[in-house]
Amino acid sequence: MQLIVPEALSKFWQSLPLDKFLQSLKPLEELARRTTPKQAVAALVLAYAAHFAVFRVIFAPLRHIRGPAYTRFSNLPFISSVKNGRQIYDYCEARKKYGKVARMGANIVSVVDPAALKIIYNSHNFRKGAVYDALDWFGPNIFSARDPEFHKQRRRAVYPSYSPAAVNAMEPVLYETGPRALAAYIEQYAEAGQVFDIMQELQLMRIDEVGATTFGQKFDLIHQRTHPLLGWVTQTLHLGMLQMWFPLLRRIPVPQIFSSHYRSRANLRAFVVSTIEQRRRVMEKKRDTLQVLLDAQDTDGQKLLGEQELVSELAIQLVVGNFPVSLTLLWTINQLLENPDTLKQLMYELDHALPDPNNITDNKLVHLPYLDAVIRESMRHRPVMAEGLPRVVPKGGCQISGQFIPEGTVVFVSAYALHHEEELWHDPETFRPERWLGPAEQVNEIKKAYIPFSTGVRSCAGQRFAWMLMRLTLATLLRRFTFEAMPNQNMKPAMAVFMVPAGGKYMVRATKRA
Ligand code: HEM
């Protein structure tokens, strides 16, 4: 036996056509001899690219999901579309061409189907995607949290600041700092007959409101027009985005290159820390978010938020409830000015409900059906958080709208694409508040495809707040002024994190009402 095996092996070995094989390699040997190192490197790169492409196209887990051809190779075209602010149109086009589920990148899928909302957003199974790291400025917070347990714990501390009692308590200070101050400022434009950018005014007003209701401070941007905080927040946001795209920057900071960004982040932190310290020193308790967070305790009397957590939660308030409100107001005013009959009807309702334009409270507005329908329709037609909010498919994958989506895929339903879906909405491109005033069953049906505040376990915590702010501001402005939009403005929606007009402003003239 010992002899037979080597003998058989040797016979087998001799029977192999090795000489022929070596002969066939001669041309390659010749090629290698003539190849320069540069050519060799290029060949290697090409071979890798070919292997990569073949892998992506033939073996990619998402190969069965239809989408534009480029999506098979890379996420880069998707990133470029986001950078140019046109992704919402890409989602709509992909829906028309490829169906409810369409591939937008190598591992990115857009879904335009109300039935998918429950699956993606109703539980913590689908966690927020890596893009939220951009908002982890001073550690994770209620908005950016990806871990469900962490989110639940943070919710206990932060949600009381959005409760009906907290929102009602803040109404007087909100009204004074926000709509009333803005109306007084616009009066000066009206008296001078001066055209102004109402987008900017609404933004400044909203930051003043955040100053008063979150930090208990008077920023007074409406009059001062600027505050260093604006630059600090913008640069901190940019730094967060850089760190999201290049995670190594989180571990190895390079203050030499991004010095002003790091300085802005340090300044923002110092501002929040000193605000907390000042508040701890004064005995009087205010009714603002800072106080709610300072007082937040667990059932056993332990503080729920330490110093670092407080800083993280307070700083993010400068973005989260800020731009969405001012931009929704902007789009609502824009749609009203483009639809004079709707504006007339709303003014009629407001004039009757509010005989005294100086005495406006939310309880006089909360039951006005047309005001409600106008704001609701504005958030359908121009949902400012129009982007699909990305979630990661959990282990084992899932079935969405009849398609299997493998684990690790980033999926989302874009509010813009869903709100403009022809199969769900009658005449979706038209701004028509009346669609919200139809029979209850009809309204309940369209609500299933309505997600301006998202839906499920991570939907907007500040909805009540937002509604109150929007009602008070619209009612105050429309009771006091008539507005006229300047012609030829570029109001096409574009995405810059939020939905903004492509022209970047909205110039109007105000006239004081008698
Ligand atoms: C019209 C105004 C607003 C709109 C359209 C809006 C929309 C949204 C949306 C779509 C989300 C989900 C984000 C995601 O999943 O990535 C969200 C979350 C959130 N919003 Fe709003 N928002 C508005 C106003 C506000 C205001 C005024 C506040 C605070 C005062 C606020 C606080 C929050 C918070 C804390 C979250 C995170 C909730 C969580 O993850 O548990 N929002 N908002």
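User: How do the residues of the shell around the ligand divide into nonpolar, polar and charged?

Analyst: Sort each shell residue by type, then count. This is a predicted model. Here the shell holds 17 nonpolar, six polar and four charged residues.

User: Which of the 27 residues around the ligand come nearest?

Analyst: Tyr132, His151, Arg391, Arg458 and Cys460 do.

User: What is the only protein donor of the iron atom of the ligand?

Analyst: A donor is an N, O or S atom within 2.8 Å of the metal. In this model, the SG atom of Cys460 is the only protein donor, at 2.3 Å from the iron. Cys460 sits in the loop between α22 (440-447) and α23.

User: Which elements give two or more residues to the shell around the ligand?

Analyst: Two helices do: α17 (323-338) and α23.

User: Now the core. Which residues touch the most other members of the largest nonpolar core?

Analyst: Trp137, Ile405 and Phe483, in a core of 136 residues. Helix α23 (residues 463-480) supplies the largest share of this core, eleven residues.

User: What does Phe483 touch, not counting residues up to four places away in sequence?

Analyst: Its partners include Ile186, Phe196, Ile198 and Leu337. Leu477, Leu478, Val508, Arg509 and Ala510 are also among them.

Conventions: Residues numbered from 1 in each chain as written. Predicted model: local features only at pLDDT ≥ 70, side-chain atom pairs only at ≥ 80, totals over all residues. Heavy atoms only, no water. Core = buried A, V, L, I, M, F, W, Y, C linked by side-chain atoms within 4.5 Å. Buried < 20%, exposed > 50% of the residue type's maximum accessible area, 1.4 Å probe, protein only. Helix = DSSP H or I, 4+ residues; strand = E, 2+ residues; numbered from the N terminus. Contact = heavy atoms within 4.5 Å. Donors = N, O, S within 2.8 Å, 3.2 Å for Na, K, Ca; no water. Near = heavy atom within 4 Å. Nonpolar A, V, L, I, M, F, W, Y, C, P; charged D, E, K, R; others polar.
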